Amino acid sequence: MSVLPLVFTSGWASGINAYAVVLLLGIFGRTGLTDEVPTSLQRTDVLIVAAVLFLCEAVADKVPYVDSIWDTVHTVIRPVSGAVIGALLAGQSGSLSDITAGAIGGSTALASHFVKAGTRMAINTSPEPFTNVAMSIAEDLGVGALITFAMFNPEAAAIIAAVLLATGLALLIFLWTRIRRFLRRRAQRREEKRLASEARQVTGAPPPR
């Protein structure tokens, strides 16, 4: 079960930024820092794709509302990434079954993804963009620091990831009322735009500039 802490930590990190996890693990494996990383994550083409997608996420994640759209698209991608990474790590070490590791990595990634996406929805209720940028930078640094720490102290890193996940879930529950108000307002604005568009079509009035 020695690989379990790394699977859990990588699952948590994948729910925040899966591309950063693949990129970091691949680099650590290529440089010989650890023997826990499978060769499939160390391939040059995998590292290049992960780096490009990481840069795309680094930009999209800092733009209000675009970050929430990006999170919605990655509702499936991040948990699947966490599951695949967990299964690969287990297959490399042989100390945990692939199915168990995939389930742990995927479910942990899904939970942390919901925390990230929900927190961003709450942040987007504020009109200023600076909070989005600060949160995105903090998430990227947190993922990088915790994955790096897990290479040397996997058990301690897993404990930190568990605390962060529990804290994030508690915060998400606390912010749920604010998130629901935001979703209601957004749905209302869409309905108002739809009704206005239909009214213009009936009256033949030009759209507002």
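## Surface and basis of the model

The protein exposes about 10,900 Å², and carbon and sulfur atoms supply 71% of it. Accessible areas here come from the Shrake-Rupley method with a 1.4 Å probe; for residues, only the protein chains shown count as cover.

This is a predicted model, in which local features need pLDDT of at least 70 and side-chain atom pairs count only at pLDDT 80 or more, while totals for chains, interfaces and linings use all residues. Residues are numbered from 1 along each chain as its sequence is written, and side-chain values use heavy atoms, with hydrogens and water left out.

## Overall build

The protein has six helices and zero strands. From the N terminus on, its elements run α-α-α-α-α-α. Helices (H or I, at least four residues) and strands (E, at least two) are DSSP runs, numbered from the N terminus. The C-alpha trace spans about 70 × 35 × 30 Å along its principal axes.

Of the 209 residues in the protein, 41% are buried. Buried means under 20% relative accessible area, exposed over 50%, and partly exposed in between (1.4 Å probe, protein chains only). Contacts are heavy atoms within 4.5 Å. Among contacts with a separation of 6 or more, 73% join residues 24 or more positions apart.

## Charges

The protein has 18 positive and 15 negative charges, and their mean positions are 13 Å apart. Lys and Arg count as positive, Asp and Glu as negative; His and the chain ends are not counted. Each charge is placed at NZ of Lys, CZ of Arg, CG of Asp or CD of Glu.

## Helix α4 and S112

S112 sits in helix α4 (residues 98-123). S112 counts as buried because its relative accessibility is 1%. Leaving out residues up to four places away in sequence, S112 touches G11, W12, G15, I16 and L165.

The S112 side chain also reaches the backbone oxygen of A109 at 3.1 Å.

## Helix α5

Helix α5 covers residues 130-152, 23 residues in total. From first C-alpha to last it reaches 34 Å, close to the 33 Å expected at 1.5 Å a residue. That expected span is 1.5 Å times one less than the number of residues.

The buried residues in α5 include N132, S136, E139, V143, L146 and M151. An α-helix has 3.6 residues a turn, so residues three or four places apart point the same way.

## Helix α6 and I159

I159 lies in helix α6 (residues 154-203). I159 counts as exposed because its relative accessibility is 56%. The C-alpha atoms of I159 and F8 are separated by 9.3 Å, although these residues are 151 apart along the chain.

Definitions and conventions
A polar contact is a pair of N or O atoms within 3.5 Å; within protein, one must be able to donate a hydrogen and the other to accept it, and residues adjacent in sequence count only if both atoms are side-chain atoms.
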